[in-house]
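We will hop from one selection to the next, with a short note on what to look for at each stop.

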Amino acid sequence: MAKRTSEAADLPAAKSAAKGQETARSPAVRDVDEEMGEFEDKWEDEYESEGEVVDAEAEGDDDFTPAQEDSAPPPAPTKTYLPGTAIESDEHLVPDNSVYLALHSLSYSWPCLSFDVLKDNLGSDRATFPHTSWIVTGTQAGEVPGQGSKAKDEVVIMKLGNLSKTQHDDDSDDDEEEEDDEGNDEDATLDFLTIPHIGSVNRIRAAPAPAGNSLPEPYHVATFSETGKVNIFDVRPCIDTLSGDSSKPRQKTPIHTITNHGRSEGFAVEWGKTGLLTGDIDKKIYLTTITPTGFNTSPQPYLSHTSSVEDLQWSPNEATVFASASADRTVRVWDIRAKGRKSVVSVQAHREDVNVISWNKGVEYLLVSGGDDGELNVWDLRMFNKGQPTPVANFSWHQAPITSVEWHPTDISVFGASGSDDQLTLWDLSVEPDEDESPNNAIVKSADGSDIPNVPPQLLFVHQGQKDTKEIHWHPQIPGMVLSTASDGFNVFKTISC
């Protein structure tokens with residue numbers, strides 16, 4: 001991100017440049033040009049010697065108009081902003097569009113602090129702009145202004161359309177035709193349908209879709225409500241309606257509700273080939289499986305954590321194995337075939353609560369965790385049964401609790417993270433530090449002697465501009481596209497970095 005003074009920000013760079021390019025010669029001068037001979041110089045009397053120019057206005061020539069760019073003040077300089085750097089009262093952050101292939105912001109009537117990307121039938125590895133993305137989210141509605149009552153919460157199925165390529169201020173005119181074809185810099189669109197939901201949605205997750213270009217039928221989505229209930233919906237009718245493929249009635253109630261958690265709310269929800277895992281603040285993890293007759297939740301929970309279960313992840317290649325993160329500062333690995341419903345291995349992963357985890361889809365033994373301590377730890381699960389292991393990578397860049405982590409769906413060395421410090425960061429473990437560089441997290445001195453944080457070489461990108469970012473997801477069908485949600489809405493972007 002770049003920062004500049006508010007005064008400079010009031011005038012867009014493109015308009016400022018256009019203003020400086022206005023003609024410096026009046027129509028009367030252009031008329032004189034047509035009447036003069038081919039080799040005549042109407043300014044010849046103003047030249048006294050080579051390199052010396054006499055002001056035409058001093059000679060009484062009223063036809064000359066000084067160029068506005070000669071008198072316009074230069075634009076305020078911009079500079080790169082590093083998180084943690086103080087911002088003056090007359091400065092604010094503005095995005096550097098040259099590092100974004102696409103950048104869009106969308107908002108809904110209520111905060112949606114959890115969401116998931118829905119599969120579509122538009123194809124995989126899409127690269128042509130504009131893009132379309134489908135997501136499902138849930139609201140955390142507040143009080144209705146003037147009424148003193150809480151608004152009704154909803155599950156929202158959204159179609160984000162016209163996600164066009166970002167127009168850069170320095171794009172050349174030669175590329176205008178190509179850019180027009182790609183729908184550059186046009187506003188994104190948001191179409192949606194809603195399903196009533198009892199209580200705020202703490203977490204929402206969509207069931208994994210089968211390979212191929214077809215959509216699941218039914219398409220299951222699970223929510224964990226603040227009431228302690230886990231609701232399962234079929235969102236396929238809503239998708240078909242928004243696509244214009246169907247007008248069949250949409251069900252307004254859950255197709256199944258899990259009540260095993262009682263009144264204990266939770267934030268851990270994870271679908272897998274084996275079933276649906278849900279974890280609550282009362283340390284319990286339940287497994288719900290799909291049977292020919294419906295859903296079946298085992299009455300006996302998995303118990304090993306000593307505090308709230310914050311996140312769950314199925315193993316990408318072992319259908320009976322899953323991992324959990326807890327406020328007891330541990331990450332545990334479970335096998336549903338093990339007797340006693342206890343974890344088979346665990347490690348103290350952070351100095352404070354472990355909020356989120358993500359299991360690498362391409363490297364079965366890599367798992368990344370984020371905690372209240374603001375740290376990101378990458379673990380080699382093969383070391384979990386060898387005492388207290390240390391992470392293979394540790395990053396302390398964030399200055400507040402980590403709220404979300406997720407590995408890139410195809411690039412095994414890249415993951416994204418978000419924190420309560422309003423930062424969304426992208427990391428690449430394949431980047432090796434230079435031996436001559438300062439250690440990660442060291443403080444270095446700027447030219448004026450002030451302290452600035454040393455940027456870890458594995459830090460690819462820092463995205464800012466949202467308030468209280470809660471979740472991020474990579475789009476599995478649009479390489480490099482990242483979606484995020486925060487208290488002030490959604491961001492959809494694609495960077496030049498990945």
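Select glutamine 477 first: leaving aside neighbours within four places in sequence, it is in contact (heavy atoms within 4.5 Å) with Leu118, Lys119, Asp120, Gly123, Ser124, Asp125 and Arg126. Glutamine 477 sits in the loop between β33 (471–474) and β34 (481–486). Its relative accessibility is 5%, so glutamine 477 counts as buried; buried means under 20% relative accessible area, exposed over 50% and partly exposed in between, with a 1.4 Å probe and protein chains only.

Some ground rules before moving on. This is a predicted model, where local features need pLDDT of at least 70 and side-chain atom pairs count only at pLDDT 80 or more, while totals for chains, interfaces and linings use all residues. Residues are numbered from 1 along each chain as its sequence is written, and side-chain values use heavy atoms, with hydrogens and water left out. Helices (H or I, at least four residues) and strands (E, at least two) are DSSP runs, numbered from the N terminus.

Next, select helix α6, residues 236–243. Is it mostly covered or mostly open? Mostly covered: six of its eight residues are buried, namely Arg236, Pro237, Cys238, Ile239, Asp240 and Leu242. Show the strands that these buried residues pack against: β7 (114–118), β8 (131–138), β9 (153–163), β10 (189–197) and β13 (230–234). Just after α6, glycine 244 has a positive phi of about 80°.

From there, step to β9. Nine of its 11 residues are buried, so β9 is largely enclosed by the rest of the structure. β8 and β9 run antiparallel and are joined by seven bridges; strands pair if DSSP finds at least two bridges between them. Zoom in on serine 133, which stands opposite leucine 160 in β9. β9 also pairs with β10, again antiparallel, over nine bridges. Here glycine 161 has threonine 189 in β10 as its bridge partner.

Now jump to the open sheet of four strands, ordered β27-β28-β29-β32 with antiparallel pairing. β27 (402–407) and β32 (459–463) are the edges; each has a single partner strand, so one side of each lacks a neighbour in the sheet. Inside the sheet, β28 (residues 414–419) and β29 (residues 424–428) pair over five bridges, and serine 418 has leucine 424 in β29 as its bridge partner.

Finally, select residues 395–430: this span is 0% helix and 50% strand, with end C-alpha atoms 14 Å apart.
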